[in-house]
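Morning, everyone. Please look at the screen while I talk you through one model.

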Amino acid sequence: MFRPVDPPEPRFGPVEALTGGACLALFGLLAWAALALPAAPVGLGEAVAERLPESGLGNAVNAVLLNFRAFDTLLEKAVLLLALVGLWALAPGVAWRVPPGNFLTEAPPEPQLVLLLKVLVPLSLLAALYLLWLGADAPGGAFQAGTVIAAVAILLVLGRILPSTSHGGAWPRAGAMAGFLLFAGIGLACLPLGRAFLDFPPAIAKPLILAIEAGITLSVAVTLFLLAGGLPSRRGGRP
Amino acid sequence: MTQPLLYSLCGLALVALALHAFLTRRHLVRRIIALNVMGGGVFLVFGGMASRGGAVDPVPQALVITGIVVAVATTALALALALRLFRETGRIDLDEPNDSGAPDEPNPGAEAR
């Protein structure tokens, strides 16, 4: 017997009224806390501005991300990898033996899509490189660049040029890990220099951070693309 | 009311609204969307609070970028869990089987997946 999948959503009743009241009270408490904050802000803005020349970067946000709080960013990459491992752990074993293919159709790419991709893909990759380079001194950076490249890869799947099989091969998996390993490796290489983990020497901080950003860009692009591929299934990535 | 405060209060309102949706909705995708809206509210609070007093504090902004990445990872994993649940049981909510009186058999549409 076929049952509709969507569960019926509850109508407004006593439980909803109670939850709504509690959420409204929470909003009131938090708003009161926000209004009661002292007018003079307490922050780390001045401390960051003071030590900015040591970071090797001109953009304060990226200096915080990749130098002052580099450990956060390193763990953030680990979280992305964990999400990918978690996603793949949920796939049935048989899904791994499905040969690569494109879930849309086996037919050749449509000419108008190919024409669009010929314009969009080089421009987008150029924009990604620009974002990566810009990140040193202006808003931009590795994560933004990686996201643009992942979007290009998804476009190529929609244009039926890349296979959509989401578990990838050895190379995509290596690419997904490269950023984290490079980041952690450079962080560990600071130890023999008499510095702490991820405490880059100011003289060579900029080249180190650029290398790390290049690695992160690659890993973010591959990881987001594989995450967007969804849960591998026995039907080879077909939804 | 200053502009940073307005952004912070809007962020807090989003958090409260999304929390209500997260607690009362049954459809798992609705709950995952509610979780994302709640995260967006928190990011808005961070952005608003960081810009109080003229100069913008870069540390909360950096934390928001990290938070966005973690939110993406969380959403991907949550959607995968919901999809697996649907493939196994044909259901997309967390209610106990049979409590709605419907027969507890997998959705035929889900078996082919």
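I'll cover chain B, then some charged pairs.

First, the ground rules. This is a predicted model, where local features need pLDDT of at least 70, side-chain atom pairs count only at pLDDT 80 or more, and totals for chains, interfaces and linings use all residues. Residues are numbered from 1 along each chain as its sequence is written, chains are lettered from A and ligands numbered from 1 in the order written, and side-chain values use heavy atoms, leaving out hydrogens and water.

Chain B has 4 helices and 0 strands. Helices are DSSP runs of H or I, at least four residues; strands are runs of E, at least two; both are numbered from the N terminus. Chain B has 113 residues, and 40% of them count as buried. Buried means under 20% relative accessible area, exposed over 50%, partly exposed in between, with a 1.4 Å probe and protein chains only.

Now the charges. Side chains of opposite charge can pair when their charged atoms come close. The whole structure holds 7 salt bridges over all chains. A salt bridge needs a side-chain nitrogen of Lys or Arg within 4 Å of a carboxyl oxygen of Asp or Glu.

In chain B, B:Glu88 bridges to B:Arg84, with the closest N and O atoms 3.0 Å apart. Both sit in helix 3 (residues 58-89), 4 residues apart, about one turn. B:Glu88 is partly exposed at 48%, and B:Arg84 is partly exposed at 26%.

Over to chain A. Buried or exposed: what are A:Glu76 and A:Lys77? Both are buried. They form a salt bridge, with the closest N and O atoms 2.3 Å apart.
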